[in-house]
Amino acid sequence: INITCLTNRIQNYASNVGGIRGKVLQLISKVLRGAKTAIAWMRYEGFYYRGCIKATKNLLKKQPIDCVIAACYPFPAIYAAYKASKMFGLEYLTYILDDYSSAKNLRKFCLFRKRFEKKDMDTMKDVMVSAKFNFISEGFKHSKIFADIEKKVRNKVVGFPLLDVNMKSTAMKSYHDVPHIVFTGSFVRGVREPESLMHIFSFKQTSKVKLTLCTRGDYQGVLSQWARDKENIDYKGTVTREMSMQIMESADILLNVDNKNLHQIPSKVFEYMQTGKPIINLYYFEEQKSLLESYPNVLQINQNNIT
């Protein structure tokens with residue numbers, strides 16, 4: 001069940017349209033999103049969590065639900081599970097890997113920042129205390145939010161979400177004439193940017209490696225233009241989740257680009273690990289590197305050292 005807000009739909013449409021009209025639509029989307037986050041709290045995306053509640057209600061009409069598993073991003077998913085527990089008497093688990101209270105760069109403009117930050121902290125505490133169980137990262141365990149409620153919540157620190165760290169990876173076997181590397185995910189200015197990826201795949205040594213990019217976000221035009229004269233780069237832009245999973249399945253190697261801050265972990269890396277395929281991880285901080293150190297087949301490259 002896909003639930004997207006108006007600005008995301010405009011952004012996706014603009015990416016597919018391209019040209020001047022696409023750029024105008026992207027600008028409109030950014031203005032709308034900026035206006036929304038200036039007077040509301042990004043975390044409490046009303047359209048999204050009301051959509052989740054409605055979908056849950058419709059599912060309950062068809063079959064009973066034993067438990068809701070709420071993922072950490074976006075936060076309205078967890079908030080929706082919390083609301084569903086109140087409305088329908090459902091139990092829920094949280095899967096929290098980020099310390100939201102510190103991710104300032106995701107909400108640069110807000111007219112009522114202090115009031116919303118307090119509401120943010122209080123609501124998140126209620127959500128975690130009310131949950132049947134909480135799966136959290138080592139980083140989140142040391143956050144201020146968790147310190148205030150540590151004795152009240154049931155939790156387990158996880159590095160590989162629900163996976164055995166001793167799992168065997170898929171053997172490095174190429175099904176193509178040349179290695180096929182796949183990146184799926186979004187690029188957001190100031191959060192996760194593609195410069196290191198573009199630099200690596202501009203080397204002569206990587207010109208014979210096939211790279212498929214399935215992306216959305218702020219760099220659609222830049223990546224499309226960059227890939228245009230490179231025969232080994234297949235830029236697909238925004239694709240459906242189903243197509244993204246099919247492309248990942250066809251890959252020999254999966255590529256992850258870490259964020260420029262420690263406050264968020266790209267959720268895509270956990271899907272990558274579940275495939276067991278070899279992973280190339282472009283990281284900034286040692287903490288990001290440590291997340292994948294126990295993974296059996298990974299190449300880690302520090303983005304700060306790419307020249």
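Author: Contact here means heavy atoms within 4.5 Å. The model is a predicted one. With residues up to four places away in sequence left aside, F201 touches I181, T206, V209, L211, W226, K230, I233 and L255.

F201 belongs to the largest nonpolar core, which has 35 residues; F201, L197, L211, W226 and L255 are the members that touch the most others. Several elements each supply at least two residues of this core: strand 5, strand 6, strand 8 and strand 9 (279–283), together with helix 8 (195–200), helix 9 (220–227), helix 10 and helix 11 (268–275). In soluble globular proteins, nonpolar side chains tend to be buried together.

An open sheet of six strands has the order 7-6-5-8-9-10, and its pairing is parallel. At its edges are strand 7 (233–237) and strand 10 (298–302), each of which pairs on one side only. On average, neighbouring strands of this sheet are turned by 20° against each other, direction ignored. Strands of a sheet pair through backbone hydrogen bonds, either parallel or antiparallel.

Within this sheet, strand 5 (residues 180–187) runs parallel to strand 8 (residues 253–257), and two bridges join them. V182 has L254 of strand 8 opposite. Helix 10 (residues 241–250) packs on the sheet and touches strand 5, strand 6 (210–217), strand 7 and strand 8. The direction of helix 10 makes about 150° with that of strand 5.

Strand 5 also contains T184. T184 has a relative accessible area of 3%, so T184 is buried. Beyond residues up to four places away in sequence, T184 touches C214, S244, M248, K268 and Y272.

K236 and D234 form one of them, their closest N and O atoms being 3.0 Å apart. K236 has a relative accessible area of 36% and is therefore partly exposed. D234, at 25% relative accessibility, is likewise counted as partly exposed. The side chains of D229 and K230 meet in another salt bridge, at 3.7 Å from N to O. D229 is exposed because its relative accessible area is 64%, the cut-off for exposed being over 50%. Side chains of opposite charge can pair when their charged atoms come close.

Strand 3 (residues 133–136) pairs with strand 4 in the parallel sense over three bridges, and F135 stands opposite K156 in strand 4.

The contacts of K156, residues up to four places away in sequence not counted, are F133, N134, F135 and I136. K156 and F133 are 23 residues apart in sequence, yet 8.0 Å separate them in space, C-alpha to C-alpha.

A further salt bridge joins K125 and D148, with the closest N and O atoms 3.0 Å apart. This pair links distant parts of the chain, 23 residues apart: K125 is in helix 5 (residues 113–130) and D148 is in helix 7 (residues 144–149). K125 counts as buried because its relative accessibility is 18%, under the 20% cut-off. D148, with a relative accessible area of 38%, is partly exposed. The count of salt bridges comes to six.

One more helix may complete this account. Helix 3 (residues 46–62) has 17 residues and spans 25 Å from its first C-alpha to its last, close to the 24 Å expected. Its buried residues are G46, Y48, Y49, C52, I53, A55 and T56. An α-helix has 3.6 residues a turn, so residues three or four places apart point the same way.

Key:
Residues numbered from 1 in each chain as written. Predicted model: local features only at pLDDT ≥ 70, side-chain atom pairs only at ≥ 80, totals over all residues. Heavy atoms only, no water. Pairing = 2+ DSSP bridges. Helix = DSSP H or I, 4+ residues; strand = E, 2+ residues; numbered from the N terminus. Axes fitted to C-alpha atoms, helices over the stretch in contact; angles between N-to-C directions. Expected span 1.5 Å × (residues − 1). Buried < 20%, exposed > 50% of the residue type's maximum accessible area, 1.4 Å probe, protein only. Salt bridge = Lys/Arg side-chain N within 4 Å of Asp/Glu carboxyl O. Core = buried A, V, L, I, M, F, W, Y, C linked by side-chain atoms within 4.5 Å.
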